[in-house]
Amino acid sequence: MTAEELWSEYAQKAGIGHTDYEAWAFGDEADELAALVVSGRKTATASAFPLYELEQESLPQEGEYSVILDSRDQAVCVIRTERVYLAPFREVGPEQARREGEGDLSLAYWREVHERFFRQEMAAAGLGFDENMPVVCEEFSCVYVPN
């Protein structure tokens with residue numbers, strides 16, 4: 001199912017008259033992370049703020065919708081952004097790590113995986129990583145999973 005098809009199905013069932021949504025996949029493990037969202041275990045994500053600045057992209061906003069894609073660009077579910085905040089990498093806390101639903105849910109695991117991922121993403125953009133780098137922390141709810 002395409003993002004457009006899934007959004008249309010959800011919008012019709014939810015009585016939403018607009019077509020304002022983003023369609024995207026999670027980082028390196030798109031299928032695994034999308035499955036965690038569908039299961040209810042993953043209710044948050046984090047991104048490197050400097051990449052938003054570099055690409056002149058606006059931050060996610062509360063109330064916005066996203067169609068989550070798998071690694072084959074097939075639509076998996078619809079999420080609604082509930083909260084967005086910035087925190088230096090070193091200050092991202094255990095609640096954010098738990099809400100991201102990955103690994104053993106610990107902050108140590110979150111830091112290990114995200115530092116590696118952020119270093120790769122930043123290097124690909126010609127930027128460096130450090131623990132003071134602002135991180136965009138986004139909390140969301142899964143509002144629709146197709147049958």
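Buried here means under 20% relative accessible area, exposed over 50%, and partly exposed in between (1.4 Å probe, protein chains only). Everything below comes from a predicted model, where local features need pLDDT of at least 70, side-chain atom pairs count only at pLDDT 80 or more, and totals for chains, interfaces and linings use all residues. Residues are numbered from 1 along each chain as its sequence is written, and side-chain values use heavy atoms, with hydrogens and water left out.

**View 1. Lys42 and Glu100 pair up in a salt bridge (a side-chain nitrogen of Lys or Arg within 4 Å of a carboxyl oxygen of Asp or Glu).** Their closest N and O atoms sit 3.8 Å apart. The two come from distant parts of the chain, 58 residues apart: Lys42 is in the loop between helix 2 (30–39) and strand 2 (44–48), and Glu100 is in helix 4 (residues 94–100). Helices (H or I, at least four residues) and strands (E, at least two) are DSSP runs, numbered from the N terminus. Glu100 is buried, at 0% relative accessible area, and Lys42 is buried too, at 1%.

**View 2. Arg72 meets Asp70 in a salt bridge.** The N to O distance is 2.9 Å. Arg72 is exposed at 57%, while Asp70 is buried at 8%.

**View 3. Glu139 and Arg83 form a salt bridge at 3.2 Å, N to O.** This one also links distant parts of the chain: Glu139 lies in strand 5 (residues 134–144) and Arg83 in strand 4 (residues 75–88), 56 residues apart. Glu139 is buried at 11%, but Arg83 is partly exposed at 40%.

**View 4. Asp31, Asp70 and Arg72 belong to one network, joined by salt bridges that share partners.** The model's salt bridge count comes to eleven.
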